Amino acid sequence: MGRVVASAPGKLILFGEHFVVKGYRAIATSVNLRARVDVEETSGSWVEFHSPTLNLKSRVPLDLGGFHGEFEVYVEILRALRREGYSIVPHRVVLESEMPVASGLGSSAATSVAYALAYTALLGDPLGRDELLRISFEGEKVAHGRPSGIDNTIATLGGTVVYRRGDKPTPVNAVIPEDYTFIVADTGLKRSTRDVVEHVLKVAEMLGEAGEYVYLAADRIVEKALKALETGDMRLLGSLMYVNHGLLVAMGASNLALDTLVNIARVKGALGAKLTGAGWGGCMIVLAERGKAKAIVEELERHARMVRPVSIHVPGALIETL
Ligand code: PMV
């Protein structure tokens, strides 16, 4: 009986969240917090799902009928694979993620991508990148309703991309010099992306032409950030992060918890910091010189649920063992 483990990375939006909703550019990158899925063939007549992190287990019949609660996203992946001609054989799935869920790091997309890759590898016919993108998007539709597609794109391809709604994401050759690190901090506050997006759009409408200048400024920041990433100019990149955060504050996407963490990072000497993703909770990111990271992490830990130094621009989906 076969067994395969595959993994895929989470994502961080480095620049342009919210502004991307109205057609401007954003930059997203992969982060070395990974979802890992272990798939093992069994002799039973079920697909068995187990999430040790969420302490959940469920059994699904091989015809994949019915609604399967927390595991519906992964059952949808199997349905999509069946439509592509893959057979559904009895197997056990253990899903694990290093990311906090529902905090904007793309945990469900990374898990879907890792599962689709592991299961098809178990059947001896692992999905290629384009197929993986297509199949994992089916899971995203169940998880998010109207997904942008960026989470499963980053989980599949890894690296860093610039994207605009409706266009194919373009890879960015990011250079992150050794002496610098990123830090992710989770406020621990759950929020609905949809609610924040609606709020920001209302503010934009109210501001009219003045709002359009904010969106244009955000787009120019993306442009400069691309250059800073490609040349490894971390000082410039950090300044742009602070300014991008300021624009998100202006549009009403931040809150006290996020602003507190950004200000702590600034006071402790970080080169840059901003909320990442929708805002009103979830996560923020910091860019710092390695020498200053310890002090920044220690201070953030007093106010955040989870704080982790991370690497960005890491590889996408991969099979870990066969
Ligand atoms: O909730 P997240 O982290 O996936 O971020 C949403 C990003 C927004 O720009 C706010 C919304 C979107 O669909 O692009």
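The points below are grouped by topic.

This is a predicted model, in which local features need pLDDT of at least 70, side-chain atom pairs count only at pLDDT 80 or more, and totals for chains, interfaces and linings use all residues. Residues are numbered from 1 along each chain as its sequence is written, and side-chain values use heavy atoms, with hydrogens and water left out.

**Salt bridges**

- Side chains of opposite charge can pair when their charged atoms come close.
- The structure holds 20 salt bridges, a salt bridge being a side-chain nitrogen of Lys or Arg within 4 Å of a carboxyl oxygen of Asp or Glu.
- One of them joins aspartate 38 to arginine 3, with 2.4 Å from N to O.
- Aspartate 38 belongs to strand β2 (residues 26–41) and arginine 3 to strand β1 (residues 3–15), so this pair ties together parts that are 35 residues apart in sequence.
- Helices (H or I, at least four residues) and strands (E, at least two) are DSSP runs, numbered from the N terminus.
- Aspartate 38 is buried, at 17% relative accessible area, while arginine 3 is partly exposed, at 46%.
- Here buried means under 20% relative accessible area, exposed means over 50%, and partly exposed is in between (1.4 Å probe, protein chains only).
- Glutamate 223 and arginine 25 form another salt bridge, and their closest N and O atoms are 2.7 Å apart.
- Glutamate 223 lies in helix α6 (residues 209–231) and arginine 25 in the loop between β1 and β2, so the pair ties together parts that are 198 residues apart in sequence.
- Of these two, glutamate 223 is partly exposed, with a relative accessibility of 34%, and arginine 25 is buried, with a relative accessible area of 16%.
- Arginine 83 meets glutamate 138 in a salt bridge of 3.6 Å, N to O.
- That pair links distant parts of the chain, with arginine 83 in helix α1 (residues 72–83) and glutamate 138 in helix α3 (residues 129–144), 55 residues apart.
- Arginine 83 is exposed, at 56% relative accessible area, whereas glutamate 138 is partly exposed, at 21%.

**Positive phi values**

- Most residues other than glycine have a negative phi, and most peptide bonds are trans.
- Leucine 64 is not a glycine, yet has a positive phi of about 60°.
- Leucine 64 sits in the loop between β4 (56–61) and α1 and is buried, at 2% relative accessibility.
- Histidine 313, also a residue other than glycine, has a positive phi near 60°.
- The loop between β11 (306–310) and β12 (318–321) holds histidine 313, which is partly exposed at 29% relative accessibility.

**An open sheet and its helix**

- Strands of a sheet pair through backbone hydrogen bonds, either parallel or antiparallel.
- An open sheet is formed by 4 strands in the order β9-β10-β8-β11, with antiparallel pairing; two strands pair if DSSP finds at least two bridges between them.
- The edges are β9 (272–276) and β11, each with a single partner strand, so one side of each is left without a neighbour in the sheet.
- From one strand to the next, the twist averages 20°.
- Strand β8 (residues 180–186) and strand β10 (residues 283–289) run antiparallel and are joined by 7 bridges, with isoleucine 183 opposite valine 286 in β10.
- Helix α7 (residues 234–250) packs on the sheet and touches β8, β9 and β10, and its direction makes about 45° with that of β9.
- Contact means heavy atoms within 4.5 Å, and axes are lines fitted to C-alpha atoms, for helices over the stretch in contact, with angles from 0 to 180 degrees between N-to-C directions.

**Ligand surroundings**

- The ligand is surrounded by 13 residues, the closest being Lys11, His18, Arg165, Thr193 and Gly277; a residue counts as near if one of its heavy atoms lies within 4 Å.
- Polar side-chain atoms lie at these distances from an oxygen atom of the ligand: 3.2 Å for lysine 11, 2.8 Å for arginine 165 and 2.7 Å for threonine 193.

**Histidine 68**

- Histidine 68 is in the loop between β4 and α1 and is buried, with a relative accessible area of 11%.
- Not counting residues up to four places away in sequence, histidine 68 touches Val60, Pro61, Val75 and Arg79.

Conventions: Polar contact = N/O pair within 3.5 Å; in protein donor to acceptor, adjacent residues only side chain to side chain.
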